[in-house]
Each structure stands twice: as C-alpha cells, then as structure tokens.
Amino acid sequence: MEATLTPPNATPAQRQFVLEQLGGRPVVLVGMMGAGKTTVGRRLATHLGLEFVDSDAEIEKAAGMTIEEIFETHGEAEFRAGEARVVARILKGRDMVVATGGGVLVNDATRDLIKQQAVSVWLKADTDLLFSRVSRRGHRPLLKTENPRKTLEDLIEVRYPRYSQADVTIISRDIPHDHVAEQAIVALSELFYDRARTGS
C-alpha cells in the first residue's frame, strides 16, 4: 500500500485503531540513508505515544564506536552481522517505533524477522532528494567513493526491490516531518482496515 498525497491529520480514532491493531508489535521504518527515518520515526513515536529506538544508535552503543569507525576497523560484513544481532534484540521489545539503517534488509533473516514480528513502513524518496540530504554530511561510509551519486544510485537499484516488500510505503518529500508521520498513521490505519475487511 502506497501513500503519495499529504492527507489530513490522523484522527484520534485512527491513532487508537492503529495502536489496537499493532497489539504491541513494533513499527519499523526502512529506507535509504537520507530518507528521514530517524526524524520521522521520532515524530511518529510521539504521535502514537510509543517509545522510539534508533538501531544505528543501539549498534554504536553495543560496539562502543561509531558506525563509521566500525566500517573502518572491521568492514561492512562485520557491521552487518552486528546490525542483525542488534535488530533481533530490539524486535523482542514492544510498543515502539524503530528506525533502521539503510542496509538492514540486505540480511534475509533480518528481513524475515521484521516481517514476522513487526509492521514495516518504507520511507521512499527519489535520488535527487536523497543525495541532497546525504551530501550535507560526510559520515556515510558507503558513499566514500569517487562518485558518491553513482554509488547511491547503485544502492537504490539493489535495495528498492527489498524495501518494496514493506507493509506500507510513504513518499518522503521536502515537507515537515510531522506531516510525514501523520501520513504514516493514516496509511497504517488503512492497511489494518483493509486487512480486517478481507480477513488477511
């Protein structure tokens, strides 16, 4: 299910319906670097009265070093292994919104775990918006290449088919993050309504 237009604010009834249908399951935000998962995730958690967890922050806490340092010291494969362990631990919790790293769905087991234990929301953004955002900061290990835009485009080509398996897709644009969070609540309520109606 994909939401593309900015909807009216979610109603109290929609928020309550989403919480009831979640039944404690986490809402997991997936998407490329620069899509706004952390910022939107915080807003979404506030709007729903849930805890917010950032998986990258939890990885850094567990490792005692930054993501960039993990990549430089141990490489991407070791980072992905640690990411999988941390996300599996996070998903044992309840009543939370989780922002994940851009490559979290590279791991098939992690993708399956998210599908089984959570409800996923893909924040989808076009290449121009993503590149304009990630270019403002130089801490993205995967973009430390001769042609960062081409690298980003290559990552998008690989990852978007995986992201498209999310339960809900929200278009991330240059609008206030609160609006995107409201969009997510409306889209989730529609998802759960459709599931209830069809019995799926």
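**Figure 1. Overview of the predicted model.** This is a predicted model, in which local features need pLDDT of at least 70 and side-chain atom pairs count only at pLDDT 80 or more, while totals for chains, interfaces and linings use all residues. Residues are numbered from 1 along each chain as its sequence is written, and side-chain values use heavy atoms, with hydrogens and water left out. The protein contains nine helices and six strands (DSSP runs numbered from the N terminus: helices are H or I of at least four residues, strands are E of at least two). Its radius of gyration is 16 Å, which agrees with the value near 16 Å for a compact globule of 200 residues (taken over C-alpha atoms; the globule rule is 2.2 Å times the number of residues to the power 0.38). Along the principal axes, the C-alpha atoms fill a box of roughly 50 × 35 × 25 Å. Of the 200 residues, 47% count as buried (buried means under 20% relative accessible area, exposed over 50%, and partly exposed in between, with a 1.4 Å probe and protein chains only).

Figure 2. After helix 4 comes G75, with a positive phi near 90°.

Figure 3. Leaving aside residues up to four places away in sequence, E83 touches D56, I59, G101, G103 and V104 (contact means heavy atoms within 4.5 Å). In the protein as a whole, 78% of contacts between residues at least 6 apart in sequence join residues at least 24 apart.

**Figure 4. D95 in the loop between helix 5 and strand 4 (96-99).** Although D95 is not a glycine, its phi is positive, at about 55°. With a relative accessible area of 41%, D95 is partly exposed.
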